[in-house]
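Colleague: I am new to reading protein models. Could you take me through one, feature by feature?

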Amino acid sequence: MYARSSGSRAGWLALALLLACGVAQALPAGTRAFDKTTWQKLKKEIARPSVVVFTTTDCAYCPDVIETVAKEIRKGPVKAQLAVVVMDGARQPESWLKEPHYRKADVIYVFDGQETALRFGIDPRWRGMTPYLALFDRTGDPRFVIGPPSAQQLSALLKQRSEEHTSELQSQSTISYAV
């Protein structure tokens, strides 16, 4: 029979506890956690129109898509909001935040939880390809796009809001006279 030291048991117990609970990772400074409740809150609270870009730090196409979308949605009288969700941001060194395309975002989220479950909660059909975009117009649920959105998709998103804004300005400037 072999005798085990209590220190060895404590080490194994600590390791088992870490594995069972998962290792908590600190989020990079200046980012927000995107957990299992975030998508439902975001859908209700995000400004309209808005674009949410789901990306990874190693996505070759994502920087150009983020730059292009940021440029396009900021044209015109009403500017749309741009949110970027970095799916692998918590697992990477924080140096990715220094990349210039991330500075174009109004807000940056980082996945905080099991990636497959988070993706499924956003869109069950999404298999993790990036860039994956959610286009929010004023009418409700987002339209999803894999890759860069077409000029027509962005134009329709912004036109709808622009027409609403123009109509609002016209109604504010209308003077009614009592006869």
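Modeller: Start with the surface. The protein chain exposes about 11400 Å². Carbon and sulfur atoms supply 55% of that area. Keep in mind that this is a predicted model.

Colleague: How many helices and strands does the protein chain have?

Modeller: There are five helices and six strands. Read them in order from the N terminus: α-β-α-β-α-β-β-α-β-β-α.

Colleague: What share of the residues counts as buried?

Modeller: The chain has 179 residues, and 35% of them count as buried. Buried here means under 20% relative accessible area.

Colleague: Which strand do the five bridges join to β5?

Modeller: That is β2, residues 50–55. The two strands run antiparallel. To find the pairing in the picture, look for V52, which stands opposite A134 in β5.

Colleague: And how many bridges join β5 to β6?

Modeller: Four, and this pair is antiparallel too. Strand β6 spans residues 143–146. Here L133 stands opposite V145. β5 and β6 form a hairpin, with six residues between them. Check G140 in the turn: its phi is positive, about 145°.

Colleague: Next, charges. How many salt bridges does the structure hold?

Modeller: Seven. The general idea is simple. Side chains of opposite charge can pair when their charged atoms come close. Take D106 and R74, whose side chains meet at 2.9 Å, N to O. This pair links distant parts of the chain, 32 residues apart. D106 sits in the loop between β3 (81–86) and β4 (107–111). R74 sits in the loop between α3 (62–73) and β3.

Colleague: What are the relative accessibilities of D106 and R74?

Modeller: D106 has 46%, so it counts as partly exposed. R74 has 26% and also counts as partly exposed.

Colleague: Which parts does the salt bridge between E115 and R91 tie together?

Modeller: First the distance: their side chains meet at 3.7 Å, N to O. E115 lies in helix α4, residues 115–122, and R91 in the loop between β3 and β4, so the pair ties together parts 24 residues apart in sequence. E115 is partly exposed, with a relative accessible area of 21%. R91 is exposed, at 52%. There is a further partner to look for. R91, E115 and R119 are linked in a network of salt bridges.

Colleague: One last pair. In the salt bridge of R143 and D137, is D137 buried or exposed?

Modeller: D137 is buried, because its relative accessible area is 9%, and the cut-off for buried is under 20%. R143 has 36% relative accessibility and counts as partly exposed. Their side chains meet at 3.6 Å, N to O.

Technical notes. Residues numbered from 1 in each chain as written. Predicted model: local features only at pLDDT ≥ 70, side-chain atom pairs only at ≥ 80, totals over all residues. Heavy atoms only, no water. Buried < 20%, exposed > 50% of the residue type's maximum accessible area, 1.4 Å probe, protein only. Areas by Shrake-Rupley, 256 points an atom, 1.4 Å probe, with all protein chains shown as cover. Salt bridge = Lys/Arg side-chain N within 4 Å of Asp/Glu carboxyl O. Pairing = 2+ DSSP bridges.
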